[in-house]
Amino acid sequence: SEPVWRWECISGTCQKTRITNETRDSALSLPACQLFCGEYGRLWPQPTKEYYTGNYLLHLNLNSIDLNYPQDKKSTALANLAFRRFAQQLRGLVPSGKSTRGGRSLVVNAQVEDPDIIRLTYATDESYILKINELSDGRVNASITSNTFFGARHALETLSQLIIYDDIRNELQIVRDASISDSPVYPHRGLLLDTARNFIPIDAIKRSIDGMAASKMNIFHWHITDSHSFPFVSKSRPELTRLGAYSSSQVYTEDDVRDLIEYARVRGVKVLPEFDAPAHVGEGWQDTGYVACLNAQPWMDYCVEPPCGQFDPTKDGLYDVLEDIYGDMVDLFEPDVFHMGGDEVSNSCWNSTESIVSWMSTEKSWGRTATDFVKLWDYFQSKALERLYRKTSSNIPIIMWTSGLTESENVTAYLPNTTYIIQVWTTAFDLQIIELLQRGYRLILSNYDALYLDCGFGGWVQGGNNWCSPYKGWDVVYSNSPALIAGTYKEQVLGSEGALWTEQVDGASVDGRIWPRLAALAERLWAEPSTGWKAAEERMLIHRERLIGMGIAAEALQPQWCLQNEGDCPA
Ligand SMILES: Cc1nnc(CNCCN2C(=O)c3cccc4cccc(c34)C2=O)s1
């Protein structure tokens with residue numbers, strides 16, 4: 001049927017108006033209007049250095065696109081796969097049932113300073129410059145300049161956001177003149193996904209890694225085990241998975257993990273493994289004798305959520321098992337940083353275990369005070385770290401959660417800030433944050449008052465709402481500024497992670513729990529914008545549709561009417 005509506009950019013917003021005979025030829029589709037209206041067009045996240053897009057579009061032939069990238073380099077194969085994904089994204093712009101034809105050819109020329117870098121670290125330069133212009137032969141030229149593949153990949157992502165489907169003319173169009181310079185503010189821009197409280201299928205994890213690529217996020221923090229299940233297939237200790245997985249199919253095999261790591265690398269995402277200890281262990285460890293309080297009841301006397309389970313640090317054999325698991329993880333993830341967990345250690349669990357308290361008094365002449373249990377915890381952490389370092393090629397930095405061990409009276413004695421990075425899960429106003437910053441710690445902020453994506457549903461261990469209700473809206477996520485929280489110490493903040501704990505989530509609902517809210521964090525971390533969520537609202541709605549187009553079941557934020565009637569919804 002003939003299109004009825006067109007849009008015009010009037011004082012910075014796209015206004016819906018009727019197509020008439022005299023306006024039909026120059027009628028702008030909504031996406032075309034969005035591209036040239038508003039401060040950053042349709043881009044998400046907003047670029048941080050330069051953004052110019054002219055105001056012309058050219059008809060693009062999605063079947064005639066080519067990439068020129070440094071050949072026979074370590075990142076050449078990655079670049080080709082990233083370009084294949086780019087081409088797939090363009091095809092995804094065309095509504096199903098429609099087919100476009102004709103248009104200009106596109107050639108992407110990438111100049112990469114060091115094309116042999118294929119591992120993302122905190123030191124990796126992710127910046128890029130993207131320029132688009134029309135060549136004398138009518139082709140469209142997109143030139144990318146970056147120091148690494150990772151920067152070039154981000155440029156491709158931005159390029160894909162400068163291409164739209166025009167429903168009035170049934171054609172793809174690309175911005176004709178663009179000049180964009182861009183780089184991220186924070187190096188750690190992540191998602192934590194818990195795959196132990198409930199199993200999350202690999203294809204669901206891959207969808208979120210696609211969403212991360214589209215939002216220029218770069219760290220997938222895999223909280224792969226917990227007391228509820230042990231789905232990680234540890235080559236050297238297979239019985240942990242045999243006993244600990246929910247079923248023989250709900251596991252992550254070596255091949256699954258290797259495949260996921262490469263899938264993430266092509267998308268500019270590093271997979272950061274977490275083996276949480278000494279608490280949050282249980283299922284799978286039944287036959288080892290190394291876990292105290294395993295499913296102890298009443299659970300609230302021994303831990304914060306069922307099932308309880310905490311390593312017994314006095315068992316020497318425990319550290320041999322840990323060394324084997326660390327070895328398996330180091331072989332697979334080849335980590336330049338490792339997360340050892342360290343959250344929610346319960347003194348009452350250790351204090352209720354006879355073998356532990358007698359060992360403490362006979363072997364160490366320790367009592368049973370909180371200070372004594374901190375010493376026991378340090379004993380565990382030191383031995384565990386020593387075993388991990390037997391498996392890594394260098395003493396890589398270690399991430400730990402905030403806990404009793406990171407309180408100011410303990411942290412400097414037990415967790416040197418040269419080795420340990422602290423991930424904060426308590427609130428943004430927790431004094432511990434400034435205390436840690438003052439002591440020179442590098443932080444990753446995941447404060448639950450803004451960044452816990454699992455908050456806001458019914459309680460699962462109690463009636464009423466879950467413990468960290470209410471639900472954190474995208475505006476709350478967007479406003480959680482590390483610069484505001486850290487103040488003068490903001491250089492010590494590596495970045496942030498949105499966390500999805502999965503007590504009440506699995507493959508059936510994981511997309512909507514994460515997206516599009518995590519994308520709000522993505523812009524906060526990429527750009528640390530001085531403007532607030534209202535200025536970003538239109539582009540947030542556009543980005544949500546982009547995620548939908550990628551097959552991610554991202555939650556709807558507003559009626560589609562608001563997207564078509566920009567500026568008529570926000571209060
Ligand atoms: C890392 C970490 N990320 N999140 C962490 C906290 N996990 C939630 C622990 N927890 C709580 O901290 C909690 C606090 C107050 C009331 C509560 C009622 C039911 C359940 C809980 C709960 C509860 O599970 S540690």
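User: Does D210 count as buried or exposed?

Analyst: Buried means under 20% relative accessible area, exposed means over 50%, and partly exposed lies in between (1.4 Å probe, protein chains only). D210 has a relative accessibility of 13%, so it counts as buried. Please note that this is a predicted model, in which local features need pLDDT of at least 70 and side-chain atom pairs count only at pLDDT 80 or more, while totals for chains, interfaces and linings use all residues. Residues are numbered from 1 along each chain as its sequence is written, and side-chain values use heavy atoms, with hydrogens and water left out.

User: Where is D210 placed, and which residues does D210 touch?

Analyst: Helices (H or I, at least four residues) and strands (E, at least two) are DSSP runs, numbered from the N terminus. D210 belongs to helix 4, which spans residues 202-214. Contact means heavy atoms within 4.5 Å. When residues up to four places away in sequence are not counted, D210 touches R85, Y263, R267, M550 and I552.

User: What is the mean pLDDT of the protein?

Analyst: pLDDT is the predictor's confidence in each residue, from 0 to 100. Where it is low, the predicted coordinates should not be read in detail. Here the mean pLDDT is 97, and 100% of the residues reach 70 or more. For the complex, the predictor gives an ipTM of 0.95 and a pTM of 0.98.

User: At what angle do helix 2 and helix 3 pack?

Analyst: Two packed helices are described by the angle between their axes and the distance between the axes. Axes are lines fitted to C-alpha atoms, for helices over the stretch in contact, and angles run from 0 to 180 degrees between N-to-C directions. Helix 2 (residues 76-93) and helix 3 (residues 149-160) pack at about 10 degrees, and their axes are 10 Å apart. Helix 2 is therefore roughly parallel to helix 3. The cut-offs are under 35 degrees for roughly parallel, over 145 for roughly antiparallel and 65 to 115 for roughly perpendicular, with the rest oblique.

User: Which residues of helix 2 and helix 3 meet?

Analyst: From helix 2, the residues L78, A79, A82, F83, R85, F86 and Q89 meet F149, R153, L156, E157, L159 and S160 of helix 3. By class, this contact has eight nonpolar, two polar and three charged residues. Ala, Val, Leu, Ile, Met, Phe, Trp, Tyr, Cys and Pro count as nonpolar, Asp, Glu, Lys and Arg as charged, and the others, Gly among them, as polar.

User: How many salt bridges does the count give, and with which residue does R153 form one?

Analyst: A salt bridge is a side-chain nitrogen of Lys or Arg within 4 Å of a carboxyl oxygen of Asp or Glu. By this rule the count is 32. R153 forms one with E157, and the closest N and O atoms are 2.8 Å apart. Because R153 and E157 are four residues apart in helix 3, about one helical turn separates them. R153 is buried at 2% relative accessibility, and E157 is buried with a relative accessible area of 2%.

User: Which parts of the chain does the pair of K391 and E323 link?

Analyst: K391 forms a salt bridge with E323, with the closest N and O atoms 3.9 Å apart. This pair links distant parts of the chain, 68 residues apart: K391 is in the loop between helix 10 (370-389) and strand 17 (398-401), whereas E323 is in helix 7 (residues 316-333). K391 is partly exposed at 34% relative accessibility, while E323 is buried at 13%. Both also belong to a network of salt bridges that links D320, E323, E386, R387, R390 and K391.

User: How many residues of helix 17 are buried?

Analyst: Eleven of the eleven residues of helix 17 are buried, so the helix is mostly covered. One of them is E523, at 0% relative accessibility. E523 meets R539 in a salt bridge of 2.8 Å, N to O. That pair joins helix 17 (residues 517-527) to helix 18 (residues 533-549), where R539 lies, across 16 residues. R539 counts as buried at 6% relative accessibility.

User: Which residue is joined to W44 by a cis peptide bond?

Analyst: A cis peptide bond joins W44 to P45, with omega about 0 degrees. P45 is in the loop between helix 1 (30-36) and strand 3 (50-52). The bond from Q297 to P298 is also cis, with omega near -10 degrees.
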